[in-house]
Amino acid sequence: MKILLVEDDQKTGEYLNRGLSEAGYITDWVADGLTGQHHALSEHYDLIILDVMLPGLDGWSILKAIRGQGFSMPVLFLTAKDQIEDRVKGLELGADDYLIKPFAFAELLARVKSLLRRGQQRDEDILTFSDLELDLRRRRVNRAGQRIDLTAKEFALLELFMRRPCEILPRLLIASLVWDMNFDSETNVIDVAVKRLRQKIDQGHRPRLIQTVRGMGYVLEMDDETAL
């Protein structure tokens, strides 16, 4: 499980980063809002722990951008702002939980585990990346609210990309998992299939999501031109 921690207080950030790492989580800690938003929108995280008052960009704005891009990972606000209206604002913007400073690490860890369990259950039926949504139960795909019709193989290929976002997938792996075949370097079936899927997913939309990594394979991530 990978966690993004956006916390500008040095002491608190070090304490949480160490504690979460010791609990077995991969943790990226950043100390300003702009960097936090860039990480949240360009990399895959299972959970985000987000302070409200941050240099560069506040937590409200980061959360709004995350939900606006269609990301559904759980977000836990960790902040000294303890007014009821602040908590209501956070929840209305799409936060999943709210923990007031000072706090006990044991309580934070319990909330992290609960949110991650909730996120896993939610992800069983629907996968999301940016504004792209794949509904496994109904076998439907939408981007920015627009229905996209895929063949069975295209759906399986997209599901593979969305289960492993930001990971370069070699052609050999794609062939094995989607086509259940050994990859023949003389055939272009993988490249043709990815090209067709890319046309359906990315045509008329920004950011572009399916990228070619020359000599290596393909990856689902936002392109450099439009990623924040």
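Two pairs of packed helices were examined. In the pair formed by helix α2 (residues 33–42) and helix α3 (residues 59–68), the axes lie 10 Å apart and the packing angle is about 15°. Because angles under 35 degrees count as roughly parallel, α2 and α3 are described as roughly parallel to each other, and their crossing is right-handed. The contact brings Gly33, Gln37, Ala40 and Leu41 of α2 against Ser61, Ile62, Ala65 and Ile66 of α3, a set of residues that comprises five nonpolar, three polar and no charged.

The axes of helix α7 (residues 171–179) and helix α8 (residues 189–202) come within 10 Å and cross at roughly 80°, and α7 and α8 are therefore roughly perpendicular to each other. On the α7 side the contact is made by Arg171, Ile174, Ala175 and Trp179, and on the α8 side by Val189, Ile190, Asp191 and Ala193; of the residues in this contact, six are nonpolar, none is polar and two are charged.

The burial pattern of α7 was considered next. Ile174, Ala175, Val178 and Trp179 are the buried residues of α7, and they lie on the same side of the helix because the arc that they cover around its axis is only 100°. In general, an α-helix has 3.6 residues a turn, so residues three or four places apart point the same way. The buried residues of α7 pack against α6 (152–163), α8 and β11 (217–220).

In helix α6, the position of Leu158 was examined individually. Leu158 is buried, its relative accessible area being 0%, and, with neighbours within four places in sequence left aside, Leu158 is in contact with Leu132, Leu134, Val141, Leu150, Leu197 and Ile201. Although Leu158 and Val194 are separated by 36 residues in sequence, their C-alpha atoms are 9.0 Å apart in space. In helix α2, which holds His39, the relative accessible area of His39 is 17%, so that this residue is classed as buried. When neighbours within four places in sequence are again set aside, the contacts of His39 are with Leu4, Asp28, Val30 and Tyr45.

Several backbone features were also noted. Most residues other than glycine have a negative phi, and most peptide bonds are trans. In the predicted model, however, a cis peptide bond with omega of about -5° joins Lys101 and Pro102, where Pro102 lies in the loop between β5 (97–100) and α5 (105–123). The bond from Arg206 to Pro207 is likewise cis, with omega near 0°, and Pro207 is located in the loop between α8 and β10 (210–213).

Ser130 is placed in the loop between β6 (126–129) and β7 (132–135), whereas Ala144 belongs to the loop between β8 (140–143) and β9 (146–148). With regard to accessibility, Ser130 counts as buried at 0% relative accessibility, while Ala144, at 53%, counts as exposed.

How values were computed: Residues numbered from 1 in each chain as written. Predicted model: local features only at pLDDT ≥ 70, side-chain atom pairs only at ≥ 80, totals over all residues. Heavy atoms only, no water. Axes fitted to C-alpha atoms, helices over the stretch in contact; angles between N-to-C directions. Helix = DSSP H or I, 4+ residues; strand = E, 2+ residues; numbered from the N terminus. Parallel < 35°, antiparallel > 145°, perpendicular 65-115°, else oblique. Contact = heavy atoms within 4.5 Å. Nonpolar A, V, L, I, M, F, W, Y, C, P; charged D, E, K, R; others polar. Buried < 20%, exposed > 50% of the residue type's maximum accessible area, 1.4 Å probe, protein only. Arc of directions from axis to C-beta. Left-handed = near helix turned anticlockwise from the far one by under 90°.
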